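The following explanation leads through one part of a protein model. Please have the sequence and the structure at hand while reading.

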Amino acid sequence: MTTELVQLLTPEGHRVDHPEYAVDPSAEELRGLHRDMVLARRLDAEAVTLQRQGELALWPSLLGQEAAQIGSARALRPRDHAFPSYREHGVALVRDVDPAHLLALFRGASNGSWDPAERNFHLYTLVIGSQALHATGYAMGVAKDGADTAVIAYFGDGASSQGDVAEAFTFGAVYDAPVVFFCQNNQWAISEPTERQMRAPLYRRAPGYGFPGVRVDGNDVLACLAVTRAALDHVRTGSGPMFVEAFTYRMGAHTTSDDPTRYRDEAEVEEWRAKDPILRLRRLLEREGHADEAWFAALDEEAEALARRVREIVRTMPDPDPMTMFDHVYADGHALVDEERARFAAYQASFVDAGRSN
Amino acid sequence: MVTKSLPVAKALNEALRAALEADPKVLLMGEDIGKLGGVFRVTDGLQKDFGESRVMDSPLAESGIVGTAIGLALRGYRPVVEIQFDGFVFPAYDQIVTQLAKMHARSQGKVRLPVVIRIPYGGGIGAVEHHSESPEALFAHVAGLRIVSPSTSSDAYWMLRQAIRSDDPVIFFEPKRRYWDKGEVTLPDSGSAAGDAPPGELHEARVARAGTDLTLAAYGPMVKVCLQAAVAAEEEGKSIEVLDLRSMSPIDFDTIQTSVEKTGRLVVVHEAPVFYGAGAEIAARITERSFHHLEAPVLRVGGYHAPYPPARLEEEYLPGLDRVLDAVDRSLAY
């Protein structure tokens, strides 16, 4: 497998060369990648805690996938578009989407309140793999416009079994759509290991559809950055999609509702803990003298400030006004919705404590 | 403006042509719609005139067609996609129900998905299985979708133009057995805004024939059958009002109510199975609205709770003239 896996940074924090993929970030960029990963992990950990405290209904943790998400997201240009599944909190952070939007969704206060056109980061998609087609259709539109924009579709190893993902590969290929299919293979689809989804490595599927596929060490932020950047450049040339399989690991549970001790060995988790994406970049930064103790301490403080902000956002988040469930069902209005809204309003108003039915 | 006698299929073709001319963001996509012009020739000649980039033959994958149409709409396009036959829409059902219908609401109004899904539907053409179904109720149950079906050439033209202009997703059910029925259509001049105004609202029901004794409410292919039933009933001295509902979501209950409060009797007719069908919803709502005006329970005539039968049996399955008249008699007997 090692010969197939693009790696530019070993778990011990040593740089390695690759004949095809290279990246030479400045010290500032290296520190930026590290900062993004640390902030993403802190946001994630705080959200898990808030779920345990009953403040969030659910949270799908990204723990272990920071390099895959930050590396790929940092490869995007501002005008590029990202279509996430529901675990791409790191990508959202890089795209500068206010965490309040993600937290509202998992608190049960919204179903996705951000404007996709504002940060070119589309709505989370909970039905597995559906967004691969949206990304492909978007990219087909980009191709018609002749625009210098690339699209990235995020999905996981479980989604690779979905028909929509297969259809996205076909549509992307036959219309030469500028889309990168970025699969975070985190080895587990809730309780099902990859043996339940595939019999051949995922990245080898791509040539069958007529476009290149590559497997990258998903815990190596430099390799993820380099490979995604190359993939985005490739699709920008108009020669069709590219597939990137980021080989990584879901260190936590599928979501806060899941109990992975029922189906996987702790030894496997330990093995991957040694490949931690943040630790290896820290080792590089320290070895090459790009960051000192004071810098790391300042970053920790910034991460704590983010956590405090996350807590503040969630604890002060109001429940939506019940009337809003009738809003935006249709863009142009609908007689039935109008009738039901009016009836509901009258019902609400019939209570002495008008406005609250409970 | 010019008034022409056109078959329904040709009226749809003219509507697509006019939409492609009027708005560069309008795109057509579907299986065999390009070079072939569609299996019913509704898109005949359009790829030749507008090019492969705007009239796209798609891979044979319905979920892919609707899913990429969503992506194209997110990019600012107005895709009009064709599902080749009613029974082939189900691979796309997930994209339609969980994505297309909900994204406007999920984004709190920030995303608009002006996607039209054209589906030739219904029986009566002696087809093999999965080619004669009427699944409209399965879509009308989903908030966020608009569901319409024309019954005449004029409505075929104008309702499709209106559907394409809508900022909401519209499922446009085309009565395939009426594709070759001719009717008058007043077409606006090409490239001119003059006369480019539709004769009515997209979701308004139409009184297809006035009457005083009983109301027949139908849409799509069944309007013609109901009009024939009204003619036959007239010979027996019964005055039947026929409503062409035109829209299944929303339903123009006001027009039905006005008619029922005049006639006191209502029979709803559709090809789709009666169980959980549009007739059930109409019966419930009209009973609520017009309880004291009703002289008889609202009756329904439609398909049975059985898979659509082999074509040799479809005349027994589909509501024909006799079954509609039987329901008329039963209602009047109360």
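Helices (H or I, at least four residues) and strands (E, at least two) are DSSP runs, numbered from the N terminus. Axes are lines fitted to C-alpha atoms, for helices over the stretch in contact, and angles between N-to-C directions run from 0 to 180 degrees.

This is a predicted model, in which local features need pLDDT of at least 70 and side-chain atom pairs count only at pLDDT 80 or more, while totals for chains, interfaces and linings use all residues. Residues are numbered from 1 along each chain as its sequence is written, and chains are lettered from A and ligands numbered from 1 in the order in which they are written.

The strands of chain B form an open sheet of 7 strands with mixed pairing, in the order E3-E2-E4-E5-E7-E6-E12. Because E3 (55-57) and E12 (247-249) of chain B stand at the edges with a single partner strand each, one side of each has no neighbour in the sheet. From one strand to the next, the twist averages 20°. Strands pair if DSSP finds at least two bridges between them; E2(B) (residues 26-30) runs parallel to E3(B) and is joined to it by 3 bridges. Gly30(B) has Asp57(B) in E3(B) as its bridge partner.

H3(B) also takes part in the contact between the chains, supplying 9 residues, the largest share of the side of chain B that touches chain A. The contact takes 35 residues from chain B and 33 residues from chain A, where residues are in contact if their C-beta atoms, placed from the backbone, lie within 7 Å.

Definitions and conventions: Contact = placed C-beta atoms within 7 Å.
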